[in-house]
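Welcome! Here is a friendly briefing to read with the model open beside you.

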Amino acid sequence: ADMGVSVDTALVDALLKSAPRPEKAERSAEPATPVQVRRGSKTVSDWANEARAAAKSATTLDALADAIRAFDGSPLKSACEQAVIYDGVPGASLMVIGEGPGAEEDRRGLPFVGKAGQLLDKMLAAIGRSRGVNTFITNVNYWRPPGNRNPEADEIAVCRPFVDRMIELVQPKLIIAAGGVPAVSLLGSKEGIMKLRGNEYAYSTPDGFKAPMIPILHPAYLLRRPQDKSRAWRDLMLIEKRLAELA
């Protein structure tokens, strides 16, 4: 619930009470077949190459957004309402990159608009930033994973060319990686977010655009563990200081 997921607790309790105990449950003749969304005969590399070509041909953010919506390489696409691409001010000096949309984001088509997004807005406001004035917000994955799970490696890989191209078109002076998923995937790190956060890293796109990147704790994590907000505050102070130096 803290992460913005709607849960009918009464229904869950009723289902748990009515469910047979494991030792008394009848065994099915055949194991249930998991539902999978297949992407035809193309491999992840094939789809990544297709995304790279589509991204490279986009010369504006609008054109890039159209290319993302038309892209069929993500196995998540068919189960979502829409692609969630970006929000905020094109050309802003600060760019926030999260992990992907949740239920509310999928419904509204905008990143970070659930409870975690509301906290992110407050965090940005604390350093004089706003998605309506001077901040650009996006994700490393544009389609909601089922059950709001983290996106898998191949789901991120096919979106990566679009992420890099978006960075090149926005040309931010500083990038925030909000959470472990974008921090680890973008930096190619084996370290977790607790070791990555609060440090500055040099980020480069394949075409040579460079910008500093600072990972922070994801707002959804801070909703679950408010005792770590002091760490987030120190990270925000670093971000504010670096933005002033880069101005």
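The notes below go from the overall picture to single helices and residues. Keep in mind that this is a predicted model. The protein has 247 residues, of which 44% count as buried, and its secondary structure comes to 11 helices and six strands.

**The overall picture**

- The largest nonpolar core holds 61 residues. The members that touch the most others are I68, Y142, W143, F162, M166 and I239.

**Helices α3 and α7, side by side**

- Helix α3 covers residues 61-70 and helix α7 covers residues 160-170; their axes come within 10 Å and cross at roughly 170 degrees. Angles over 145 degrees count as roughly antiparallel, so α3 is roughly antiparallel to α7.
- On the α3 side, L61, L64, A67 and I68 make the contact, and on the α7 side the partners are F162, R165, M166, L169 and V170.
- Which residues of α3 are buried? They are L61, L64, A65, A67 and I68.
- An α-helix has 3.6 residues a turn, so residues three or four places apart point the same way.
- The buried residues of α3 pack against α2 (44-57), β1 (86-88), β3 and α7. On the face turned away from that buried side, you will find the exposed residues D62 and A70.
- Helix α7 is mostly covered, with nine of its 11 residues buried. Those nine are P161, F162, V163, D164, R165, M166, I167, E168 and V170.

- M166, one of the buried residues of α7, touches L61, L64, I68, I85, Y86, M95, F136, T138 and Y142, leaving out residues up to four places away in sequence.
- T138 sits in strand β3, which covers residues 135-139. Is T138 buried or exposed? Its relative accessibility is 1%, so T138 counts as buried, the cut-off being under 20%.
- Beyond its neighbours within four places in sequence, T138 is in contact with I85, Y86, M95, V96, I97, G98, P111, F112 and M166.

**Helix α11**

- How far apart are the end C-alpha atoms of α11? They are 25 Å apart, which agrees with the 26 Å that its 18 residues (229-246) should span at 1.5 Å a residue.
- The buried residues of α11 are A232, D235, L236, I239, R242 and L243. They cover an arc of only 130 degrees around the axis, which puts them on the same side of α11.
- The cover over these buried residues includes β2 (94-98), α5 (115-125), β4 (174-178), β6 (210-216) and α10 (219-224).
- I239, one of the buried residues of α11, is also among the core members that touch the most others.

**Two residues with positive phi**

- F112 is not a glycine, yet it has a positive phi of about 55 degrees. You can find F112 in the loop between α4 (103-108) and α5. With a relative accessibility of 7%, F112 counts as buried.
- Q171 follows α7 and belongs to the loop between α7 and β4. Its phi is positive as well, near 55 degrees, in a residue other than glycine.

Methods: Residues are numbered from 1 along each chain as its sequence is written. This is a predicted model: local features need pLDDT of at least 70, side-chain atom pairs count only at pLDDT 80 or more; totals for chains, interfaces and linings use all residues. Side-chain values use heavy atoms; hydrogens and water are left out. A nonpolar core is a set of buried Ala, Val, Leu, Ile, Met, Phe, Trp, Tyr and Cys residues joined through side-chain atoms within 4.5 Å. Buried means under 20% relative accessible area, exposed over 50%, partly exposed in between (1.4 Å probe, protein chains only). Contact means heavy atoms within 4.5 Å. Helices (H or I, at least four residues) and strands (E, at least two) are DSSP runs, numbered from the N terminus. The expected span of a helix is 1.5 Å times one less than its number of residues. The arc is that of the directions from the helix axis to the C-beta atoms. Axes are lines fitted to C-alpha atoms, for helices over the stretch in contact, and angles run from 0 to 180 degrees between N-to-C directions. Angles under 35 degrees count as roughly parallel, over 145 as roughly antiparallel, 65 to 115 as roughly perpendicular and the rest as oblique.
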